Amino acid sequence: MENVSNVLTDTQRRIKAKIERARMMAYTRETAAPELATPPDGIQCNRCGNTGWIYQISDDGYESVTACPDCYERRQVVRRLKQSGISPQDYARFTLDTFDAYKTPDSAKMKTLAVRYLKEHVTDGPGFGIFGSSGMGKTHLCIAVCQELTRRYHEPHYYFSYRAEMPMLVKSAKSFQDDYEASMHKWKTCQNLYIDDVFKLSDTGNGKLDAQELRVFFDLINARYLNHKTTLFSSEYTVNEMARIDGALGSRVYEMIKPYGLSVNGPNQRLIG
Ligand SMILES: [Zn+2]
């Protein structure tokens, strides 16, 4: 009981702060010059005064705050990228043209697979995955594929940084917070989702992963599989290694990307091998 009332109080406090902030911004917007300073995320929006929130007060004095329909989602995208350590500028630079296909023999295979995938892409069809050594540009290539899905097929795509998002989801799952289902719903149902660096920093040192983390991750990808949503993956773990950690999870990932999955070796390993 105590937990529940704490959560409610926290939520109420957050909403109150949001209302206060939006009220301040509404006031500033009305009184200050229309040219507002460039906001930190670079997104200008006159509708909400660059806050991402719309403050309203109804005739009967009821105060409410809603996400700005013009810019809230765009702000979220920039925020998520920032948390994952990728700047929006880098994101835009990660294209097929800028991918170095001559770095190693596997780099060429990566690019060939990406080009083939984009040519054969079917809406709600199979995803795409690159697994193995770091330093091969897996993230670069997968982001390039995502951007092409949007450019060529006019399909939205979402970037999910495993290391930035997963700890928050696991935390809210563990504390039974009501925002868990809401956040999961978005990731479970969006059309194209790229999950970057699966299991990054998850290994507790003995080759075992947190059971709750595995449950949350399986919950996410299994729902996407059942909803026929397209998922792209990159990871330093190969699909076989994932299957050794959790058989059901490994085979699910395999089902979701076949025949567009590739395991790659970095240049160093190749020289040693
Ligand atoms: Zn706005």
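User: Contact means heavy atoms within 4.5 Å. On that basis, what do the buried residues of α2 pack against?

Analyst: They pack against α3, β4, α6 and α7. Bear in mind that this is a predicted model.

User: Which residues of α2 are buried?

Analyst: Arg 75, Gln 76, Val 78, Arg 80, Leu 81 and Ser 84. Buried means under 20% relative accessible area.

User: How far apart are the end C-alpha atoms of α2?

Analyst: They are 19 Å apart. The 13 residues of α2, at 1.5 Å a residue, should span 18 Å, so the two values agree.

User: What follows α2?

Analyst: Gly 85, with a positive phi near 85°. The loop between α2 (72-84) and α3 also holds Ile 86.

User: Is Ile 86 buried or exposed?

Analyst: Buried. Its relative accessible area is 10%, and the cut-off for buried is under 20%.

User: What does Ile 86 touch?

Analyst: Leaving out residues up to four places away in sequence, Ile 86 touches Leu 81, Tyr 91, Phe 94, Thr 139, Ile 143 and Tyr 159. Of these, Leu 81 is one of the buried residues of α2. Ile 143 is one of the buried residues of α5.

User: And how far is Ile 86 from Ser 161?

Analyst: Their C-alpha atoms are separated by 9.7 Å. Along the chain, the two residues are 75 residues apart.

User: Let's go to α5. Which of its residues are buried?

Analyst: Lys 138, His 140, Leu 141, Cys 142, Ile 143, Ala 144, Val 145, Cys 146, Glu 148 and Leu 149.

User: What covers them?

Analyst: The cover includes helices α3 (88-93) and α4 (105-120). It also includes strands β3 (128-132), β4 (157-161), β5 (192-196) and β6 (230-235).

User: What span should α5 have?

Analyst: 22 Å, for 16 residues (138-153) at 1.5 Å a residue. The end C-alpha atoms of α5 are 22 Å apart, which agrees.

User: What comes after α5?

Analyst: His 154, with a positive phi near 55°. His 154 lies in the loop between α5 and β4.

User: Is His 154 buried or exposed?

Analyst: Exposed, at 68% relative accessibility. The cut-off for exposed is over 50%.

User: What about His 228? Where is it?

Analyst: In the loop between α8 and β6. The phi of His 228 is positive, near 55°, and the residue is not a glycine. His 228 is exposed, with a relative accessible area of 54%.

User: Which residues does the cis peptide bond join?

Analyst: Lys 258 and Pro 259, with omega about 5°. Pro 259 sits in the loop between α10 (247-257) and β7 (261-264).

User: Back to helices. At what angle do α6 and α7 pack?

Analyst: About 140°, with axes 8 Å apart. α6 spans residues 162-174 and α7 residues 179-189. The two helices are therefore oblique to each other. The crossing of α6 past α7 is left-handed.

User: Which residues meet there?

Analyst: From α6, Glu 165, Leu 169, Ser 172 and Ala 173. From α7, Asp 179, Tyr 180, Ser 183, Met 184 and Trp 187. By class, the contact has five nonpolar, two polar and two charged residues.

User: At what angle do α6 and α8 pack?

Analyst: About 105°, with axes 10 Å apart. That makes α6 roughly perpendicular to α8.

User: And which residues meet in that pair?

Analyst: Tyr 162, Met 166, Leu 169, Val 170, Ala 173 and Lys 174 in α6 meet Gln 212, Glu 213, Val 216 and Phe 217 in α8. Seven of the residues in this contact are nonpolar, one is polar and two are charged.

User: Last one, on the whole chain. How many helices and strands are there?

Analyst: There are 11 helices and seven strands. The protein chain has 273 residues, and 41% of them are buried. Among contacts between residues at least 6 apart in sequence, 72% join residues at least 24 apart.

Methods:
Residues are numbered from 1 along each chain as its sequence is written. This is a predicted model: local features need pLDDT of at least 70, side-chain atom pairs count only at pLDDT 80 or more; totals for chains, interfaces and linings use all residues. Side-chain values use heavy atoms; hydrogens and water are left out. Axes are lines fitted to C-alpha atoms, for helices over the stretch in contact, and angles run from 0 to 180 degrees between N-to-C directions. Helices (H or I, at least four residues) and strands (E, at least two) are DSSP runs, numbered from the N terminus. Angles under 35 degrees count as roughly parallel, over 145 as roughly antiparallel, 65 to 115 as roughly perpendicular and the rest as oblique. A crossing is left-handed if the near helix is turned anticlockwise from the far one by less than a right angle, and right-handed if clockwise. Ala, Val, Leu, Ile, Met, Phe, Trp, Tyr, Cys and Pro count as nonpolar, Asp, Glu, Lys and Arg as charged, and the others, Gly among them, as polar. The expected span of a helix is 1.5 Å times one less than its number of residues. Buried means under 20% relative accessible area, exposed over 50%, partly exposed in between (1.4 Å probe, protein chains only).
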